[in-house]
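Please look over the structure below. The report that follows takes it one region at a time.

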Amino acid sequence: MPAYATQVKIARSFGAASHSYDVSARLQRYSGKHLMPWLPNINDLTVLDLGSGTGFFTNILASQYQQVIGLDMSRLMINYAQENRVKDIHWLLGDAFKMPLQDESIDLVYSNLVIQWCDPLEKALKEILRVLKPGGLFIFSTLADGTLNELKSSWAQVDDDQHVIDFKTERELSSLFNTSQSILIEQNCQDIVLEYESVLHLAHELKGLGANQVPKKLLKGLAGKDKWDKMTDSYKDFQEPDGIYPATYKVFSGVLVKLEN
Ligand SMILES: C[S@@+](CC[C@H](N)C(=O)[O-])C[C@H]1O[C@@H](n2cnc3c(N)ncnc32)[C@H](O)[C@@H]1O
């Protein structure tokens, strides 16, 4: 599928979730808050929230920094954020691969659980480094391989199709962020296990977040009832004694500094 078509599908999926996102965003709230202690304690900064979604964290950044920009490739997410967040944030519709921002114009790029959607990630990183000032910071979280492994292995019992997006390994991520222009000065990788009443509950949460788009899935649309039943049956292998269905998210977070020229 051409890269542009993939981007349109991802944007549509998140856009359709703009009104259900905030109540489904348990993981996103946790990981976004976990980045806060890394934020610099200087107010006079131009800050970009890359993949700002409904603007929950953009709002928090705006209470701390002088100039804050929220950028997202979903028009509906930008509209929602504009209507629901403080007025002095500058909202931009744009793609992480080609941002409508000047070279070296940003002191800090904050990005919570967005760049796992950027493929190839190297290209998005190049663009982030283009807009960052020398000495600027990229503070981010993303998902690493091992995420949704229960769902992935349950589907593997049913067919060969791709039902969960590809995530880079922890090792691939750490090496990718160390470039001739940048170094990763902090990194952390943590398994977060969320609990679900059923596999349907998990599927609804992913849909409520707009995170149910799998660009490399061959058979589009919903799985047939037989396949779904077989998959949920396999998922029972992971069920806990109290009946809870776990789903693991491997959250990789870090602080990258753009080296001085
Ligand atoms: C999981 S949401 C996270 C939203 C927000 N950062 C938060 O913590 O609540 C991912 C967001 O990234 C946006 N996104 C995904 N790929 C993007 C890209 N290439 N450029 C800009 N935004 C992107 C989606 O539209 C969506 O709003």
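## The buried face of H5

Helix H5 spans residues 75-84. Four of its residues, Met77, Ile78, Tyr80 and Ala81, are buried. They cover an arc of only 160° around the axis, so they lie on the same side of H5. This is a predicted model.

Strand S4 (residues 106-112) pairs with strand S5 (residues 132-143). The sense is parallel, and the pairing runs over 6 bridges. Leu108 has Leu137 in S5 as its bridge partner.

## Aromatic pairs

How many aromatic pairs does a search of the whole structure find? The search gives 9. One of them joins Phe140 and Phe252, with 6.2 Å centre to centre and 20° between the planes. That pair is stacked. Phe140 sits in strand S5 and Phe252 in strand S7, so to speak of sequence, 112 residues apart. Both residues are buried. They also belong to one aromatic cluster with Phe138 and Phe177.

The rings of Tyr235 and Tyr245 form another pair. Their centres are 5.9 Å apart and their planes stand at 65°, so the pair is edge-to-face. Tyr235 lies in helix H10 (residues 225-235) and Tyr245 in strand S7, so the pair ties together parts that are 10 residues apart in sequence. Tyr235 is buried, at a relative accessible area of 1%. Tyr245 also counts as buried, at 10% relative accessibility.

## Charges over rings

The charged end of Arg26 sits over the ring of Tyr196, 4.8 Å from its centre. Arg29 places its charged end over the ring of Phe56, and here the distance to the centre is 3.6 Å.

## Backbone exceptions

Most residues other than glycine have a negative phi, and most peptide bonds are trans. Which residues are joined by a cis peptide bond? They are Asp119 and Pro120, with omega at about 5°. Pro120 is found in the loop between S4 and helix H6 (121-131).

Leu113 lies in the loop between S4 and H6 too. Its phi is positive, about 50°, although Leu113 is not a glycine. Is Leu113 buried or exposed? Leu113 is buried, because its relative accessible area is 8% and the limit for buried is under 20%.

Glu104 has a positive phi as well, near 50°. Glu104 is placed in the loop between S3 and S4. With a relative accessible area of 37%, Glu104 is partly exposed.

Methods:
Residues are numbered from 1 along each chain as its sequence is written. This is a predicted model: local features need pLDDT of at least 70, side-chain atom pairs count only at pLDDT 80 or more; totals for chains, interfaces and linings use all residues. Side-chain values use heavy atoms; hydrogens and water are left out. Two strands pair if DSSP finds at least two bridges between them. Helices (H or I, at least four residues) and strands (E, at least two) are DSSP runs, numbered from the N terminus. Rings of Phe, Tyr and Trp (its six-membered ring) pair if their centres lie within 6.5 Å; planes under 30 degrees apart count as stacked, over 60 as edge-to-face and the rest as tilted. Buried means under 20% relative accessible area, exposed over 50%, partly exposed in between (1.4 Å probe, protein chains only). A charge sits over a ring if NZ of Lys or CZ of Arg is within 6 Å of the ring centre and within 35 degrees of the ring normal. The arc is that of the directions from the helix axis to the C-beta atoms.
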